[in-house]
Amino acid sequence: MKKLDYTAKYTFARPDLPYDTHWWNDTATDHHCHVDYYEIFLPLTDGLYQLYDGKTEKLDRNCVYLIPMHRYHRITHGITSDRPLLFNLSVVPDMFHICTELYSGPLAEQLDGDVFIAVALEQTEYDYLVSLSDKLKFVIDENKRNKIIRLFLASVAVLFDLKFKKTDGFNRVEHYAADLQTRIDDLECLDTNISEIYKNYPVSPVILIDAFKKLTGQTIVKYTVARRMSYACSLLQNTDMNILTVAQEVGYDAPSHFINNFKKYTGQTPSAYRKKYSGNK
């Protein structure tokens, strides 16, 4: 079987970019290696096999795979399909290191070795990476594509670190959860939508929510609401702000929403709470 050496200059659809993406649906790839870029692929179906260093291994659908440079491999599948069988991301070393080293230095070190890396994924983690790859099918703007790819790479690094590496018993995802708790406690997120908060961390919301709940015993939403209500209590006790202003100060545009949450938290309306506190002075 003839072996081919692939280079970014002749393989990438846009050689001026530091990455390339494609969705593969053929029966087999060439037996090839990557001279100057890494390859990351995500199986989208069962029945895929990889020939690597003379050994054939079945590829697990719920894994993400990273292939080092200069290592020959070949992907095969029994039949040609009309739908994609594999999402493939090729990326040059500089971009890969920039996007991953902050979250997992050991990943780049291991990828510079001889063995390909397989990161086993929970279903929610796998679904998250698939959702990022799906976005790339429809996003044309190159700046937006670049952001999605950077998020994909950072997420893979976090997942690798989560599965295999720990730093003084404190992994990266736990660090993100602790950072988010501090930001909420310091009232930095009062006027920020929860979905926007998730975008600040290179990990799927499901993973972040799980780590946050393990750390605090509460979901991010419940913890944020409790912090808002605690701050509202302080404002009602110590200022002359009217109820509308207090609601806006703690991140609510709709006073009715604020009043409902406040009553659930304290058992009283904001007005009754302020009156009761004033009566105890």
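**Chat about the spaces in this model**

Biologist: Which classes of residue make up the lining of the largest cavity?
Modeller: Four nonpolar, one polar and two charged residues. Here Ala, Val, Leu, Ile, Met, Phe, Trp, Tyr, Cys and Pro count as nonpolar, Asp, Glu, Lys and Arg as charged, and the others, Gly among them, as polar. This is a predicted model: local features need pLDDT of at least 70, side-chain atom pairs count only at pLDDT 80 or more, and totals for chains, interfaces and linings use all residues. Residues are numbered from 1 along each chain as its sequence is written, and side-chain values use heavy atoms, leaving out hydrogens and water.

Biologist: OK, and what's a cavity?
Modeller: On a 1 Å grid over the protein atoms alone, it's a set of points where a 1.4 Å probe fits but cannot get out; lining residues have an atom within 4 Å of a point.

Biologist: Who lines the largest one?
Modeller: Ile184, Leu187, Cys189, Leu190, Thr224, Arg227 and Arg228. Helix H9 (residues 220-238) gives the largest share, three residues. Helices are DSSP runs (H or I, at least four residues), numbered from the N terminus.

Biologist: What's the volume of the largest cavity?
Modeller: About 30 Å³, counted as the space filled by probe spheres set on the points.

Biologist: Switching to pockets, how much space lies in the largest?
Modeller: About 540 Å³. A pocket is an open set of points with protein on both sides within 12 Å along at least five of seven lines.

Biologist: Which lining residues lie nearest its centre?
Modeller: Of 22 lining residues, Tyr128, Leu132, Lys147, Leu151 and Lys199.

Biologist: And which helix gives the most to that pocket lining?
Modeller: H5, with six residues.

Definitions and conventions. Helices (H or I, at least four residues) and strands (E, at least two) are DSSP runs, numbered from the N terminus.
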